[in-house]
Amino acid sequence: MFKSIQDFADGQLLLVNKPYEWTSFDVVGKIRNSFKPLKLKVGHAGTLDPLATGLLIICTGKMTKQIDTFQAEEKEYTGTMILGATTPTYDLESEPEVKFDISHLTDEQIKANCAQFTGDIQQYPPAHSAIKIDGERLYEKARRGEDVELRLRNVTISEFEITRIELPEVDFRVVCSKGTYIRSLVNDFGAALNNGAYLSKLRRTRSGNYRIEDAYEVLELVSAIRELKAGQADPSDL
């Protein structure tokens, strides 16, 4: 554990389990606020969508200078896709708009479909994503109904396996490079089956050598920071 608040100013890497429906910035803000009245730099190394959970790397103080390094590391995810429909956001943030018959799909077809998405591939990011074009987030343009020009991205999928099939649900595990959109992967997976698919559950389980098993719960970490701060006679002396 940490010995003093000064440890955080000197630089700490914190592993946090991002809760469901929290934004990555919500987690950063909660931790940053726990240091008040001290003003410490706090940032995260790799955004998770609000509906995703799991490992979020938080850097404090001087460690924030290394965020790009941590962000570039390989990631592992587990998740669930729903076959037989698509949504505009490729996940549960929007309602299914197109539905497909899945009665003909076999377990063998679904598992074999992973092969074409393993290795170096190209994918379009979702229109509803935080990528900036001309200084504005794509999702802001998409919500206004504007046409968005999406650009192909090169990503690497090191491992892609199906771990459970109970149609319409399909569980999977993916190991991938920085910049991979799992929502896009799922959408493309459905299209390759001449069908549809959208993401219903996603959890980041690893980033580089850091694992979710070693992560703090957000409120547990905030409580520890506040207790540490309360034990110091005068935080302004730091």
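Trainee: Which residues do ring pairs link into a cluster?

Mentor: Good place to begin, and keep in mind that this is a predicted model, where local features need pLDDT of at least 70, side-chain atom pairs count only at pLDDT 80 or more, and totals for chains, interfaces and linings use all residues. Residues are numbered from 1 along each chain as its sequence is written, and side-chain values use heavy atoms, leaving out hydrogens and water. Rings of Phe, Tyr and Trp (its six-membered ring) pair if their centres lie within 6.5 Å; planes under 30 degrees apart are stacked, over 60 edge-to-face, and the rest tilted. The cluster linked by such pairs consists of F117, F160, F172 and F189.

Trainee: How many residues apart in sequence are the parts that the pair of F160 and F172 ties together?

Mentor: The structure holds five aromatic pairs, and F160 with F172 is an edge-to-face one, at 6.2 Å centre to centre and 85° between the planes. Strands (E, at least two residues) and helices (H or I, at least four) are DSSP runs, numbered from the N terminus. F160 lies in strand β10 (residues 153-166) and F172 in strand β11 (residues 169-176), so the parts tied together are apart in sequence by twelve residues.

Trainee: Why is helix α6 largely enclosed by the rest of the structure?

Mentor: Look at residues 182-192, which make up helix α6. Its buried residues include L185 and F189, and both of these are in contact (heavy atoms within 4.5 Å) with F160.

Trainee: How many disulfides does a search of the whole structure find?

Mentor: A disulfide is a covalent bond between the sulfur atoms of two cysteines. Here the test is a pair of cysteine sulfur atoms within 2.5 Å. C114 counts as buried at 4% relative accessibility, and C176 is buried with a relative accessible area of 1%. The number of disulfides found in the whole structure is zero.

Terms used. Buried means under 20% relative accessible area, exposed over 50%, partly exposed in between (1.4 Å probe, protein chains only). Lists of a residue's contacts leave out its neighbours within four places in sequence.
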